[in-house]
Amino acid sequence: MAGDVSRQWERQQRQLQQIDNDIAKAQGFEWARSNASSGREKALIHQECESFFENSKPGMVLSGLNAKRRKLERDIEKIQERLRDITRLMETTSKRSSSMATTCATCLRRTARAPSSGLAH
């Protein structure tokens, strides 16, 4: 169970990195479009944006990517909380097992020291 959740967290971390890369690319298109000196340059930038993102408008691409990023961050937080819960459960189980082992060992020592009932067979 912990392994599955951990793999899911790693997968979402990779997705977050990809979104961050895409955001940087879209910001580059937006900057270039804003600083273009002619309509022809702007049109070329829109074409590049279209070929990369399948959307010619860098601002709209950024808006969509930022929304995806926020959702992914919320999902990652939920997974991290699950991992913390699993860790706490494992620690609690480990402490209980250790406590039970100590109790059993104590009982065994007491039994070994207890005088026999005196019944001979």
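A residue counts as buried under 20% relative accessible area, exposed over 50% and partly exposed in between, using a 1.4 Å probe and protein chains only. At 8% relative accessibility, Phe 29 is therefore buried. Phe 53 counts as buried too, at 17%, while Phe 52, at 45%, is partly exposed.

A quick note on the model: it's predicted, so local features need pLDDT of at least 70 and side-chain atom pairs count only at pLDDT 80 or more, while totals for chains, interfaces and linings use all residues. Residues are numbered from 1 along each chain as its sequence is written, and side-chain values use heavy atoms, with hydrogens and water left out.

Now the helices, which are DSSP runs of H or I with at least four residues, numbered from the N terminus. Helix α1 (residues 2-34) packs against helix α2 (residues 39-53) at about 165°, with the axes 9 Å apart. Axes are lines fitted to C-alpha atoms over the stretch in contact, and angles run from 0 to 180 degrees between N-to-C directions. That makes α1 and α2 roughly antiparallel (angles over 145 degrees).

On to the rings. Phe, Tyr and Trp rings (for Trp, the six-membered one) pair if their centres lie within 6.5 Å; planes under 30 degrees apart are stacked, over 60 edge-to-face and the rest tilted. Here are two edge-to-face pairs:

| Pair | Centres | Planes |
|---|---|---|
| Phe 29 and Phe 52 | 6.4 Å | 65° |
| Phe 29 and Phe 53 | 6.2 Å | 85° |

Ring pairs link Phe 29, Phe 52 and Phe 53 into a cluster.

How values were computed
Helices (H or I, at least four residues) and strands (E, at least two) are DSSP runs, numbered from the N terminus. Angles under 35 degrees count as roughly parallel, over 145 as roughly antiparallel, 65 to 115 as roughly perpendicular and the rest as oblique.
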